Structure formats: C-alpha cells, structure tokens
Amino acid sequence: MRCDSFHHPPPTRLGTAETHFKLVGVLTAPMCISQLMLLQVFFLMVPEGVWLQPSSPSGAAPTPSDVGPASPGGTLQSSSEGSETPWPVPGISTAGPTVVTPSAPENGTVDLFPALPVCVCDLTPGTCDINCCCDRDCYLLHPRTVFSFCLPGSVRSSSWMCVDNSLIFRSNSPFPSRVFMDSGGVRQFCVLVNNSRLNYFQKLQKVNATNFQALATEFGGESFTSTFQTQSPPPFYRAGDPILTYFPKWSVISLLRQPAGVGAGGLCAESNPAGFLESKSTTCARFFKNLTNSCTLDPALNAASYYNFTVLKVPRGMTDLQNTKFQVPVTLVSQAGSPLLSGNICQNVVSQVIYEIETNGTFGIQKVSVSFGQTNLTVEPDTSLQQHFLIRFRAFQQSTVASLTGPRSGNPGYIVGKPLLALTGDKSHSMTLLQSQGDGICSVKKHEVQFGVNAISGCKLRLKKVDCSHLQQEIYQTLHGKTSPEHVAIFGNADPAQKREWTRILSRNCNVSAMHCTSCCVIPVSLEIQVLWAYTGLQSNPQAHVSGARFLYQCQSIKDSQQVTEVALTTVVTFVDITQKPEPPRGQPRIDWKLPFDFFFPLKIAFSRGVDSQKGSASLILILCLLVLGVLKLETK
C-alpha cells in the first residue's frame, strides 16, 4: 500500500498590528488513503480553544511559557540567542516563573518596556512630587509603598496584539513577543505593537494673526476634603495624610490647619487640614462685628497661635508623646508681635502665615519654620480682614537655589489645572485674572489662570479723579497686574532664558477713533484671554502645548462731564483645543488561512481510479462533506 505524506511550507512571520498574522496549520504524520477516516476524527476532536482569538492581553497574566524556535518534536522552546527578565505589565499580574522573550534580528535583545524619555510629572526641581513614581528626587526604590497610585506617564506601558497560542507552532517574528495567560486560563501568543505612524499627532501650522480666528472658529466650542480617619497610627506619613500636632500645655493631639475660603464670601474654614507633601496656598476672609473685643481675644489674629505647638515627625509618635525625638518644634523666622489695641487701631494683626516644612522620605518631618505678615485694622462696624496661608514642602537640607526655583506646570507638556506661564521681560510668572474682596472691590491679589480651565471673574474698581491717560493706565494694570504679559510659555517647563520656548501674545488696545467721540475717554471694561493649544507627540503619552494666545478688549467711552466713581471690570479666559489626531487604522489584523499544497492529493488519487474506486466513492464523498462542514463551523465561531 502506497502512503503519501504531507509537506508543509516554512512558517511565516508574525508582524505587528499593521500586518496580517500568518498562521500555518501543521500535520506531521503521513496519511494513507485507507486511513482517510482519521481525518474525520481529527476535525471532530479539535478543541474550540485553538481557533483565532485576536485580543489585547489587558488583564491577562503571564504564564511560565517560552516563545522561540520549535524543537524537532514540535514543542516550543526558549530562544538561546537572548532573553531578558520582563518588567511588570500595568494591569497584568506577573505571578509565576519568568517569561522568556525571543531575541531581535541580528542577535540584539529588545527591551519590551523601554524607559520613558522624560518624567512628565516631575514638576518641582529638587523636590519629590506626589505620586510621581519616576521622580528621582523621591529616592524611593518602591514608590508604591509610599504613594497610593502612580500618575499617568510615570510608569511604563506597552500594547500587544494576541492570538491563541495553540495556533502557533514556531515563531520567526523579528518583533518582541510573549505568551500570556488570560483571565479564562487560555494561553495567548502576543506580539508587541510597534506602529509609530499611528502614535503621533499631526503637525500644526503656525498660529498668527491671520489664521488665529479661523482656527478658533473651526476647533472652538462652548466656553464654563480631606477627612481624618481614626485608625492605628501608620509608621510614616503618606502623601496627602493630615499632619499631626501636639500641644504640650494641654496634652492634646490635633492637626496642622490651613484655613481656606468657603462660600461666595470666602469665609475662613478653620477645619481644613494641611496635607503631607501638598504645597498650596489658600485665601479667606474674616468679618468682625466688634473688633474691639476680637483684637486681643481672637486667636486667628494672634501670631502665637500658629506656633505654640510641636509637629510629630511620623504618626507613630502618637504612641509615645513623652518621647521628644518624635516631635519637631515650630521655629520663628522673624519675631512677630502680639495684637495690641491702641485707640481705634488694632495693631499687629496676622494677615499672612507661611510654613516651611522640610521632609526626609519615610523618616518624616525634620524641620518646621513659620513667618508672618502683619497689618493694622481700624475699629469700625463690620470690619473685614483677608488672610493668606501658604505651606511649602521641600527636601531636608535641600539647597536654597533649588527651593526657590518655581514649580513647573508640566514636564514638558502642560498639565490641566496647572498655572499658565507668562513672560514679561526676563521674568516668568503666572497669568492672572481679577479677584474681588469681600465687598466686591478689586483686590491686589489675583486668581491664577489654570491651564485648560475656562473661567470668568470680575470686580469693581473705584476711580480716582485723574486725566484720561492715567485712568486708562490704571485700568490696564488692574486687568493684567503691575506688569502686562508679553509672551506665553509653549510648554510647562519653559525656560525664561530660552526665547524660542515662548510665543508672543497677540494684543490690541482700545481704538479711540472708533468711538467717534472727541470729548470722551475710552477705557477697557473687559479682557478676554484666548488660548489655542494642542496635543503633540505620542498618543500613549501626549504632551499639551500652547500654539498661540491673544488679548481681546471690550471698551466703553466715558464723557469728561460724567462723574463716574466706579466701573465694573471683567476678565475671561477660554482654552480652545486644536489637536489634529492621526488617521485611524484601516482595520484589525486578519488571518490568512493556508493549507498544504498537496492537502487534497489523496482524494485526487481516489477519484482518478475510475470504476475500481466507485465502490468506496460513497464513503469518500461522506468524508469530504464532513470536512467542508467542519471548516464552515470553524469560520462561524
């Protein structure tokens, strides 16, 4: 009896997400014509799990599997040309033995999880940024033990395209690959996606005065508590934890407070706790019905109430309050007098409190200092006071130059909610909006413009009897601050010394001739700050940058004969996203099914025997029908 064996072409390469998967079915045992009934059994006994399952390995756990050249016996072996110990995949458990990866072409190993080129959340030079797991200033081998989570962009990530591992006999792919175990216990053969054309945003045209309005119209649209849980004290502070204080005079444990404004009037809320490693500033207002009594009795006005306690280095210091090694005294940077009522003037009233706290990782707080700003209040009905509270954290024994460096608004791209950086001359500062006091009058203090946050604010400006030019200058200074911004930072880490990292703000002041009034004073009453921004770089790690900005003024005329005592001013900021995303992919990878070129050779021989083979033709036809039904069933799954 003559037997004909099956021959198989060499396995083809498994490419990235842009290419098609090439899978080759393999049958190694020779088959005789008389044994064709085994084909029926083969197709009926194929398990359902061997068919294609293109999916993402998100949520899958790696298994103790090796991917590499096939051994003569048809089993998978690890590549001997190079292997590496993988980094943990985000969202994928790494329990089990090490997964061996195949080598790249030319015997070069490929890093499946390349290091990030920049640490986008490292915003404070020389200081540990909260939840920034790639910040080297934190000096933490295992950041997750201190941080509750890792900020996006601070950990490595990768994207995979997978098929069922049982479909792969041998992998000759030059791209990094792995075998994972999904949530259902099915082994998945995965290839690292490396299609750079789909990962980058399109480059934008330059923004200037000509196309600014067109881009704004095309892409624009509609523009508008920390609680302390009682529990056993942990060994060290975590980011955001309340800072514990101790009053030795009364043997009372409390929290370091940072009063914050609440409600429309911004009244001071005393219960707001300061968070560990959270440097921030708050402002609030206090109103006094009887300042004569409150001047010397209200602790909020007395500087001594802000340093007559000690700060616990670590929370476990609660368990041994008699041990002073767990306590840090609050030191005065400069002397501050106690409130004193002299006639109808209340002197030495606290108007500003600044805490400087030095920390040393898990060893806790090492040093606390405080400085004050004081003012005098006139005793009159319904007197109000605006107080400012600032808490700054820095590394212990950090250099003074590094501590004075302003924080970044991104590294490099802007982060939503961070200050929009402006440049006047060679000085960098935050762009600001109007801020009102408790009575609605314009305050010297300003609101910071937060990147990506549309906002509107207003106040009333009391006018002085001056000529028109001085009045215009006063209003422009009120809208912008003492210095009018000239440039805006393109990225959040722009250097004031590098002019190419800044773009000029388009601006046009009020047009006097357009009012058609010779005896009028044209003054601005509203300022709108329009900012066009877009994402650039990789879609998996996009960086926001400012493409252009401009100032738009709304003006009104005041006749010289009018006696105007105050004017209502408004500032508005709008952000317009003009990001142009890349073209979407044409489709998901598909499978090219191929059979050996001599797959139907036994059937050919059987039907070519003529009359002698007609006796067994019925069984052959039945076998062929079963084969066709099996293939159709597979494609419908």
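A helix here is a DSSP run of H or I at least four residues long, and helices are numbered from the N terminus. Keep that in mind for α5, a helix we will follow to its end. The model itself is predicted.

Start with the whole chain. There are 637 residues, and buried residues make up 40% of them. The secondary structure comes to 7 helices and 30 strands. The accessible surface is about 35600 Å². Carbon and sulfur atoms account for 54% of that surface.

Now turn to one sheet. Strands of a sheet pair through backbone hydrogen bonds, either parallel or antiparallel. In this sheet, 5 strands line up in the order β23-β29-β27-β28-β26. The sheet is open, and its pairing is mixed. Which strands stand at the edges? They are β23, residues 455-462, and β26, residues 506-507. Each has a single partner strand, so one side of each is left without a neighbour in the sheet.

β26 pairs with β28, which covers residues 543-559. The two run in the parallel sense, joined over 2 bridges. Here Ser507 stands opposite Phe551 of β28.

Next comes the helix. α5, residues 468-480, packs on the sheet. It touches β23, β27 (520-536), β28 and β29 (566-577). The direction of α5 makes about 30° with that of β27.

How many residues does α5 have? It has 13, and it reaches 18 Å from its first C-alpha to its last. That is close to the 18 Å expected at 1.5 Å a residue.

Some residues of α5 are hidden from the surface. The buried ones are Leu471, Ile475, Tyr476, Thr478, Leu479 and His480. They pack against β21 (432-433), β23, β27, β28 and β29. Just after α5 comes Gly481, with a positive phi of about 105°.

Finally, visit another part of the chain. Leu301 sits in the loop between α3 (291-297) and β13 (310-312). Leu301 has a value of 0%, so it counts as buried.

What does Leu301 touch? Leaving aside residues up to four places away in sequence, its contacts include Phe288, Leu291, Cys295, Pro339 and Leu385. Val349 is another of its contacts. Leu301 and Val349 are 48 residues apart in sequence. In space, their C-alpha atoms are 5.2 Å apart.

Key. Residues are numbered from 1 along each chain as its sequence is written. This is a predicted model: local features need pLDDT of at least 70, side-chain atom pairs count only at pLDDT 80 or more; totals for chains, interfaces and linings use all residues. Side-chain values use heavy atoms; hydrogens and water are left out. Two strands pair if DSSP finds at least two bridges between them. Contact means heavy atoms within 4.5 Å. Axes are lines fitted to C-alpha atoms, for helices over the stretch in contact, and angles run from 0 to 180 degrees between N-to-C directions. The expected span of a helix is 1.5 Å times one less than its number of residues. Buried means under 20% relative accessible area, exposed over 50%, partly exposed in between (1.4 Å probe, protein chains only). Accessible areas come from the Shrake-Rupley method with a 1.4 Å probe; for residues, only the protein chains shown count as cover.
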